[in-house]
Amino acid sequence: MSLVTPSGLDSPLVIDIENITKDYVMGEEIVHALRGVSLQIRSNEYLAIMGPSGSGKSTLMNMLGCLDTPSSGRYEFNGRDVSSMADDELASIRNREIGFVFQTFNLLPRADSLHNVELPLVYAGVDPETRRERAAHVLREVGLGDRLYHKPNELSGGQRQRVAIARALVNDPSIILADEPTGNLDSKTGDEIMALFENLYRRGHTIILVTHEADIANHARRTVRLRDGIIESDDDGFGGIENLPVEDPLPGDAVVYR
Amino acid sequence: MKRFLYELSESWKIAAAQMRSNKTRSTLTALGVIIGIVAVTLMGTAIGGIQVGFDKSMAIFGDDVLYVSQWPWKRVDDWWNFRDRKKIKTEYAEPINRIIDATPNSNLVIAVPTSSLLRSVKYGQSEVSNVLIRGTVSDYLITSTFDFQEGRFFNDVESRGGANVCVIGYDVADALFPSESPIEKSVLINGQPFRVVGVISRQGTFLGLFSLDSIVVMPLPAFHKYFSAKSDSDILVKVKDKTKLAEARDELTGVMRRVRGLSPEKKDDFSINEQQALKSTLDPIKNSIAIAGLFITGLSLFVGAIGIMNITFVSVKERTREIGTRKALGARRRTILLQFLIESTSLCLLGGFIGLGVAYLMCTGIGKAFPSFPIQFSLSLVIVSMAVSILTGLFSGFAPAWSASRLDPVAALRYE
Ligand SMILES: Nc1ncnc2c1ncn2[C@@H]1O[C@H](COP(=O)(O)OP(=O)(O)OP(=O)(O)O)[C@@H](O)[C@H]1O
Ligand SMILES: [Mg+2]
């Protein structure tokens with residue numbers, strides 16, 4: 001059962017947030033989207049953030065992804081304090097350390113799969129040949145080796161999300177952040193995407209996903225529940241262990257997607 | 001640096017794709033720039049053409065000849081000071097030539113008197129009016145260069161004797177003698193017959209304005225005999241070394257003062273003109289074309305810039321989520337700024353290229369329709385147009401590009 005054991009305390013800390021808050025000023029009113037959240041995430045964790053609508057999941061996710069800065073509190077990413085970084089520094093962290101997967105895929109409509117996946121490498125200053133090679137390589141890894149030159153509107157929803165995952169992976173980031181990655185997919189396609197995440201996790205990636213659905217969250221090894229901007233429970237995985245699909249262990253890299 | 005290049009090429013690709021997918025919108029937006037570039041190009045072409053035509057026309061005045069006249073060849077504000085000057089007399093040529101001969105190392109070669117007025121010329125039933133009748137001496141050939149289509153210039157003997165002979169210009173010959181040779185025929189000027197001894201070959205027009213071939217040249221004594229009244233006289237003086245024009249001018253001024261017997265405290269009561277002075281008379285024409293052209297150019301470029309600014313704002317709005325995505329993937333502010341600047345600039349460049357094409361076609365058309373008007377479509381015009389397009393693009397794209405680069409990534413990603 002070593003596969004499902006949560007990452008040991010010995011693996012390095014990637015995310016360390018302490019008592020962060022996020023307030024939105026809406027005219028007279030102040031919305032407290034996060035009211036003091038503390039969370040530590042280690043390398044090669046597979047974590048789900050759950051909670052009712054409006055509980056602050058996306059807000060927390062944006063914070064973790066360095067898209068936004070907290071109103072107060074401390075955030076260390078790989079040991080660096082990011083809570084007070086300037087825009088362009090955050091951009092560079094997002095580029096190199098974080099892979100985003102969105103509910104709505106967010107692919108560039110006029111660019112083919114290859115170009116979409118290359119984009120983070122363009123911003124990282126990788127030369128065109130290496131870019132091409134690496135993008136094609138990750139696309140093959142997510143099972144889209146024969147869809148390199150398709151535009152998003154020539155792909156199915158599941159395939160689009162695979163392109164988006166390939167794009168998240170291409171810069172070999174420290175964490176993959178997925179906000180409702182299966183929200184726009186039917187359940188069968190959703191399962192395929194979850195199998196892909198499972199595979200990535202087993203190969204050592206750190207995955208954080210936001211979801212409403214319990215069966216999706218069950219794929220994760222650890223579940224954090226939010227309510228009204230605070231952490232209601234942080235389940236390290238042992239509580240939900242019987243729900244994990246351990247009865248069907250995937251043989252690592254040998255998985256074939258189609 | 002490398003990354004900057006990659007981002008640049010990425011931006012070009014996006015801009016090209018953007019224009020390709022919005023062809024009509026892009027072309028319509030670029031219309032203002034197109035008109036602006038057409039205006040600036042046509043203006044440049046017109047000014048260049050006038051300059052070239054002028055230089056060509058100027059050549060017949062000779063760049064090594066000084067003209068002694070009553071009036072200077074430029075606009076004067078105090079015309080009353082010139083009006084009362086003594087007229088230049090053709091007789092001055094003789095004393096001037098004597099002084100030149102007596103001066104060692106003179107910069108002047110020879111003085112040639114001319115006197116001109118306008119009259120009609122008749123032959124049989126045909127008549128040409130407003131022909132420039134010019135009396136001069138046989139040495140006129142030294143100061144004025146032209147070829148003969150037929151015949152010769154009048155010789156020294158005819159010149160001194162004041163024989164009733166003349167040399168006619170191409171237009172006069174063409175109008176009066178459409179199908180025969182004018183040589184040895186007699187034309188009537190002021191009711192006096194003059195025997196034609198030569199036809200000057202075609203000289204063309206002066207700036208396309210008036211013909212230089214509508215001319216009759218005759219010996220000065222004959223001219224004086226029949227047309228003495230109301231003629232304007234000049235003395236043409238050939239200069240030995242045209243690189244020393246200023247010295248020649250000073251020398252000639254001294255000579256003229258001696259001829260006129262001016263005491264040292266008196267001001268010159270004559271003007272010494274040269275071809276160069278005429279060039280400055282062209283400046284007001286060139287300036288007014290330039291002002292009109294710049295006005296039209298400026299206006300249409302301004303309208304074009306506003307249009308492009310607007311469409312870039314629309315483009316930023318439409319693609320807010322795309323901007324958010326790019327920022328999430330690591331695009332920095334500069335990257336986004338660059339991307340939209342390049343989009344607006346390539347729109348303007350597109351307009352510039354179309355404008356240049358249209359202007360080129362128009363110039364070729366004008367050149368075909370009016371062969372006499374010199375057309376000058378130069379490389380520098382192309383470069384200027386491209387530079388203007390690029391600047392317009394940067395100017396009009398800056399505000400929208402700036403606002404795009406400042407977008408908050410979270411807000412941009414949430415944008416519906
Ligand atoms: N830009 C904003 N301006 C004002 N209020 C905001 C803004 N973004 C989020 N909020 C508020 O913050 C709270 C948390 O929003 P958030 O999007 O994090 O919820 P969520 O848990 O992701 O919900 P859902 O499951 O519906 O996506 C909500 O009450 C929301 O109205
Ligand atoms: Mg949400």
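**Figure 1. Chain B and its two domains.** In this predicted model, the C-alpha centres of domain 1 and domain 2 of chain B sit 53 Å apart. The domain assignment builds domain 1 from two stretches, 2–57 and 281–414, while domain 2 covers 65–271.

**Figure 2. Chain A at a glance.** Seven helices and ten strands make up the secondary structure of chain A. Of its 258 residues, 52% are buried. Take the contacts in chain A with a separation of 6 or more: 72% of them link residues 24 or more positions apart.

**Figure 3. Where chain B meets chain A.** On the chain B side, 24 residues are in contact with 26 residues of chain A. How much area do chain B and chain A bury between them? The figure is about 2400 Å², with 57% of it on carbon and sulfur atoms. Within chain B, the residues that lose the most area to chain A are Y6(B), L329(B) and V410(B), which together account for 26% of what that side buries. As background, interface size is often quoted as the accessible area lost when the parts come together.

Figure 4. The polar contact rule picks up eleven residue pairs across the interface of chain B and chain A, both partners being at pLDDT 80 or more. Which helices of chain B each bring at least two residues to the side that touches chain A? They are helix 1 (2–21), helix 11 (320–328), helix 12 (333–369) and helix 14 (409–414). Helix 1 of chain B gives the largest share of that side, eight residues. Sorted by type, the chain B residues touching chain A come out as eight nonpolar, five polar and eleven charged.

Figure 5. E7(B) counts as buried because its relative accessible area is 2%, under the 20% cut-off. Setting aside neighbours within four places in sequence, E7(B) is in contact with V122(A) and Y123(A) from chain A, and with R334(B) and T335(B) from chain B.

Figure 6. Now for the chain A side: R94(A) lies in helix 2 (residues 87–97) of chain A. Is R94(A) buried or exposed? R94(A) is buried, since its relative accessible area is 4%. Skipping neighbours within four places in sequence, the contacts of R94(A) in chain A are G65(A), C66(A), L67(A) and F100(A), and in chain B they are K327(B), A328(B) and P409(B). G65(A) is 29 residues away from R94(A) along the chain, yet their C-alpha atoms are separated by 6.7 Å.

**Figure 7. Close-up on T136(B).** This view moves to strand 3 (residues 126–136) of chain B, which holds T136(B). With a relative accessibility of 0%, T136(B) counts as buried. Which backbone oxygen does the side chain of T136(B) reach at 2.8 Å? That oxygen belongs to P113(B). Beyond four places in sequence, T136(B) is in contact with a whole set of chain B residues: V112(B), P113(B), T114(B), F153(B), F154(B), S159(B), V217(B), M218(B), P219(B) and L220(B).

Definitions and conventions: Residues numbered from 1 in each chain as written. Chains lettered and ligands numbered in written order. Predicted model: local features only at pLDDT ≥ 70, side-chain atom pairs only at ≥ 80, totals over all residues. Heavy atoms only, no water. Domains from an automatic or database assignment. Contact = heavy atoms within 4.5 Å. Buried area = accessible area lost by both parts, 1.4 Å probe. Polar contact = N/O pair within 3.5 Å; in protein donor to acceptor, adjacent residues only side chain to side chain. Helix = DSSP H or I, 4+ residues; strand = E, 2+ residues; numbered from the N terminus. Nonpolar A, V, L, I, M, F, W, Y, C, P; charged D, E, K, R; others polar. Buried < 20%, exposed > 50% of the residue type's maximum accessible area, 1.4 Å probe, protein only.
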